[in-house]
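Here are some friendly notes to read beside the model. Take them in order, and keep the viewer open as you go.

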Amino acid sequence: MRRKKWDVKKKSMKGRTAGRLLSGVVFTLAAVLTVCPASLFPGAMPYVEATSDNPDNDVSSDEDRDEENRDSISVNSISRTSDSAITDHDRAEADEDMLYYMQSLEVRYRLDEKMMENLHKVFDSAVYYIANTEMSVTELWAYVASTKSTMESTAVAAVTITTSEFLQVGDNWKTPTVSYGQKVSIVLPVINFGTEELNDLIIEPETSTLVTEWPFEPDMTSYIQTEPYIPGNKTKEAAMQNRREFTFHFTARSDVMTGYYPLKFKVSYTKSGIRCEEPAELTVYVKTVGKPGSGVIGGSGQEATGAKPRIVVTGFETSPAQVYAGDTFMLTIHVKNTAKDLPVTNVLFDMQAAVEGEDKTNTYSAFLPTSGASSVYMDKIGADTAADIAIEMTAKADLAQKPYVLDVNMKYDSGVMFDLTDKASVSIPIMQESRFDTSIPEVVPADITVGSQSNVMFSIYNTGKTTLYNVQVKFRADSIDEASAFVGNLQSGGTGNVDVMLTGIAATMDDGTIIMDISYEDEAGNVTSEEKLITLMVTEMVFDDMGMGDDMMMGDGMMGDGMMGEEQGAPGKGLIIGIALGVVALVAGGVAVFLQIRKKKKAAKLLADELSELEGEISAENDKKTE
């Protein structure tokens, strides 16, 4: 819809342009009549000779004044820096401004029909964009300024092509070949196919510090060469005979890539007393041979080896060798560049430890660098070369005993390949100090005879942050038969119970000390043991054979017949001893039964506690699954 409006608008503007021309003529005639009144020339219209320095531009001058007036009105009536949305009136003003600018370019550069067609394409595209785009007034006039710049570039490019196409490289040019580090002389033959002489020529190569754009060492600040003139020629043969050759001396870069580099030369000149607005550009090529692995010009840089270089982690070590939670340690990581012919440069290693924590709001890194920075920089690692990186880190104090992953992120360059990346991981085992404590052992009874038993009971508490595996207790002494109790695994904060019957085998010859050897294993199977002491006295059983003693002491002559008769009439001492032994046996049996019943009760209580703990763990697992 707006396009149709523009078609009508365009015709209207053409009419206004014609009107301005007619107005200019009328204004000129009026001025002449004003300066030279008809009364001075009665009966005839006088001939007035134009006195303008540029008679061909009388109408243009009038148009310029008209444009100045129009611009003055436009500036006063339209704010070109407003944030308000544009209207159709703003669009019309912008279209008219671009149209006038395009017509001025046509006059300024004397463009032919083909070049004007290119300008019209730029103009039509801008008009269409403005007609179909919502924007602010500021954005509109910024776009108009950009379009004018594009029109100017199009017109200047056209002028450059039409005025410098006669400058060419001579047919005798041969592409030179140079290897990395070698010197080479580039001879540039320049010929003038035009019929007019060119003067004050300046020839300069376009250099660069990038190996992908320029194959030579930038060992000079300027490579400019000059030539007074090149005569005009009417034939190609004459142009070749009158050519000018310019010699440039270069040294190929040590890191030059293999392939063909374009060499661009700018040629400025003066023609018919007018200096060229834009220098002519001549392009030739040079073939280069780079080092192995240097890459191919125009390629990705990987053609030389078929793959990019790799940095791998070959191992690591910590100092101290065993790292405990809360410790500060030095981590040394061994790396290697596996490429056989490509070094790597600007290597950046970034260490990121595994994130720990029970929930998203309570997380932290397992390891923290003591310097505050987790990155290590290295200038270069040669091809097929190993290197070490070291960083001091601290392990969090509340880490559980297990290996923790540390990611090693690597970023580096190689030849013409930039920002290559690799990643590796190492696992650092973290240890926790294992600790346990025991309750006060109960020894019942504390004194026994040989052949009798005593019951020992106590609890073991895991007070550390790591699991104690295969916990067991052994009892050792000369007075008892060796005994042991297996407790099993104790989780952090867990409790294990010991209930053992000790049997006396010999009378105690010391203070009655019994050694309790408590041992456990860590995750690696390493055994740790600790000794604790209890006291148990063992005595020999004593029998008092009173009857045998009296019989031995009595004789026929010691006490008379009366005494003998009295002793014979008394109850037998053997019966008394038998009764005493029977009582002792019953008491011992009762004690044994009592201890056995007590042991069973404790075993039942222990089993109940373990079942309760198991139910609690199952309930917790179900709660987690439900969440």
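Which residue forms a salt bridge with E134? The first numbered point below takes this up.

This is a predicted model, so to speak of its local features we need pLDDT of at least 70, while side-chain atom pairs count only at pLDDT 80 or more, and totals for chains, interfaces and linings use all residues. Residues are numbered from 1 along each chain as its sequence is written, and side-chain values use heavy atoms, with hydrogens and water left out.

1. The partner is R91: its salt bridge with E134 has the closest N and O atoms 3.7 Å apart. A salt bridge here is a side-chain nitrogen of Lys or Arg within 4 Å of a carboxyl oxygen of Asp or Glu. The pair links distant parts of the chain, 43 residues apart: E134 is in the loop between α4 (113–131) and α5 (137–164), and R91 is in helix α3 (residues 88–109). Helices (H or I, at least four residues) and strands (E, at least two) are DSSP runs, numbered from the N terminus.

2. Are the two partners buried or exposed? E134 is exposed because its relative accessible area is 57%, whereas R91 is buried because its value is 5%. The cut-offs are these: buried is under 20% relative accessible area, exposed is over 50%, and partly exposed is in between (1.4 Å probe, protein chains only).

3. Now look at R244 and E227, whose side chains meet in a salt bridge (2.9 Å, N to O). R244 lies in strand β6 (residues 244–251) and E227 in strand β5 (residues 225–230), so the pair ties together parts that are 17 residues apart in sequence. Both R244 and E227 are buried.

4. A further salt bridge joins the side chains of D384 and K340 (3.7 Å, N to O). This pair also links distant parts of the chain, 44 residues apart, with D384 in the loop between β17 (375–381) and β18 (385–395) and K340 in the loop between β12 (328–337) and β13 (344–353). D384 counts as partly exposed because its relative accessible area is 35%, and K340 counts as exposed because its value is 65%. Salt bridges that share partners also join D88, R91 and E134 into one network. The count by this rule comes to 15 salt bridges.

5. Next, the inside. The largest nonpolar core has 36 residues, and F349, M351, F367, L406 and I430 touch the most other members. Such a core is a set of buried Ala, Val, Leu, Ile, Met, Phe, Trp, Tyr and Cys residues joined through side-chain atoms within 4.5 Å. At least two residues of this core come from each of β12, β13, β17, β18, β19 (402–414) and β20 (417–431). Its largest share, 6 residues, is supplied by β20.

6. Finally, the surface. L607, L611, L614 and I618 form a nonpolar patch with about 370 Å² of accessible area together. Patches are made of residues with over 30% relative accessible area and no salt bridge; like charges are joined within 9 Å, and nonpolar side chains (Val, Leu, Ile, Met, Phe, Trp, Tyr) within 5 Å. Areas come from the Shrake-Rupley method with a 1.4 Å probe, and for residues only the protein chains shown count as cover. L614 lies in helix α9 and is partly exposed because its relative accessible area is 44%.
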